[in-house]
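Me: Could you go through this model with me? I would like to start with the helices and then move on to the rings and the pocket.

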Amino acid sequence: MTDRFDVGEAMLSGIGGRAEAWRFIRAFAAEWTRPLRDGDGVDREEVRDAEQALGFELPAALREAYLLFGRRDDLTRNQDRLLPPRVLGVDERGEVLVFRDENQGVASWGIPLADIADLDPPVVVEHGEGWRPFLDSVSLACVEMVLTEVLFGSEYLENAAELPAELISVVEANYQRVNFPEYPMWSEPAEPVRWFSAPGQLLRLDGAGEWAWLFVRGRTADDLRRIYRLVPGDWTLGNALL
């Protein structure tokens, strides 16, 4: 394990499909939490039982994600929740297979049933105003999920701050933009979410223009201190590590 792992460098060529998504998740988990191993995925029988109950097969990408890391709460359930296969269901309008819920139940992520036969279909998000586009594939949504769950995975190595425009510029100038598609904040669909990184440092910028929320995670306490020194924000959890 090394504190020099850089998400931006690891994703320099982007995520070109399911195989690249799973390779990235394996590498990221090994460096930021612990390596994936046998037993981290759900049993194939549980997936088959879920498909039988639903009356259709899961898209290949969602099935592969469950089988690879569906039992790893540190990658799937720190903040929001990847639903276990046994509780998968279709929304009340019968249009979307819901597979992930926000931690307070105010948002959900799913796959349109119109695309359910695709190997790696698009993902939509709902926050009380109808389903909206989120990301173009389940595999991308799984990468986003793992990044987000690890970002919020350690109360001692994470923090957040609301940034004015001048500090947004500091983040943009000092950190590598991760080659991951912009996607909408579930709570503010007009605002984009972007990821930035440096070795041992992971940053998510929610919003742009005159304001944004910055969420950060250090691989070590020293990594988090380096973020504080570059970005002198009003940190919600304080900056006692300085």
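Reply: A definition comes before the helices: the expected span of a helix is 1.5 Å times one less than its number of residues, where helices (H or I, at least four residues) and strands (E, at least two) are DSSP runs numbered from the N terminus. This is a predicted model, in which local features need pLDDT of at least 70 and side-chain atom pairs count only at pLDDT 80 or more, while totals for chains, interfaces and linings use all residues. Residues are numbered from 1 along each chain as its sequence is written, and side-chain values use heavy atoms, with hydrogens and water left out.

Me: OK, how far apart are the end C-alpha atoms of H6?

Reply: They are 20 Å apart, which agrees with the 20 Å that its 14 residues should span at 1.5 Å a residue.

Me: And how many residues of H6 are buried?

Reply: In H6, 14 of its 14 residues are buried, where buried means under 20% relative accessible area, exposed means over 50% and partly exposed lies in between, with a 1.4 Å probe and protein chains only.

Me: Which residues are buried in H2?

Reply: The buried residues of H2 are Ala-21, Trp-22, Phe-24, Ile-25, Phe-28, Ala-29, Glu-31 and Trp-32. What covers them includes helix H1 (7-10), H4, helix H5 (73-76), helix H6 (138-151), strand E11 (201-206) and strand E12 (211-218), with contact meaning heavy atoms within 4.5 Å.

Me: Now the rings: how many aromatic pairs are there?

Reply: The structure holds ten aromatic pairs. Rings of Phe, Tyr and Trp (its six-membered ring) pair if their centres lie within 6.5 Å, and planes under 30 degrees apart count as stacked, over 60 as edge-to-face and the rest as tilted. One of the pairs is Trp-22 with Phe-69, edge-to-face at 6.3 Å centre to centre and 65° between the planes.

Me: What does that pair tie together?

Reply: Trp-22 lies in helix H2 (residues 18-32) and Phe-69 in helix H4 (residues 60-69), so the pair ties together parts that are 47 residues apart in sequence. Both Trp-22 and Phe-69 are buried.

Me: Why is the pair of Trp-109 and Phe-134 edge-to-face?

Reply: Because the ring centres of Trp-109 and Phe-134 are 6.1 Å apart and their planes are at 70°, the pair is edge-to-face. Trp-109 belongs to strand E4 (residues 108-112) and Phe-134 to strand E6 (residues 131-135), so that distant parts of the chain, 25 residues apart, are linked. Trp-109 is buried at 3% relative accessible area, and Phe-134 counts as buried at 7%.

Me: Which charged residue lies over the face of Trp-109?

Reply: Arg-100 does, at 4.5 Å from the ring centre; a charge sits over a ring if NZ of Lys or CZ of Arg is within 6 Å of the ring centre and within 35 degrees of the ring normal.

Me: Switching to the largest pocket, which residues lie nearest its centre?

Reply: Phe-152, Trp-186, Arg-204, Asp-206 and Phe-215 do, among the 21 residues that line the largest pocket. On a 1 Å grid over the protein atoms alone, a pocket is an open set of points where a 1.4 Å probe fits, with protein on both sides within 12 Å along at least five of seven lines, and lining residues have an atom within 4 Å of a point.

Me: Which strand gives the most to that lining?

Reply: E12 gives the most, with three residues.
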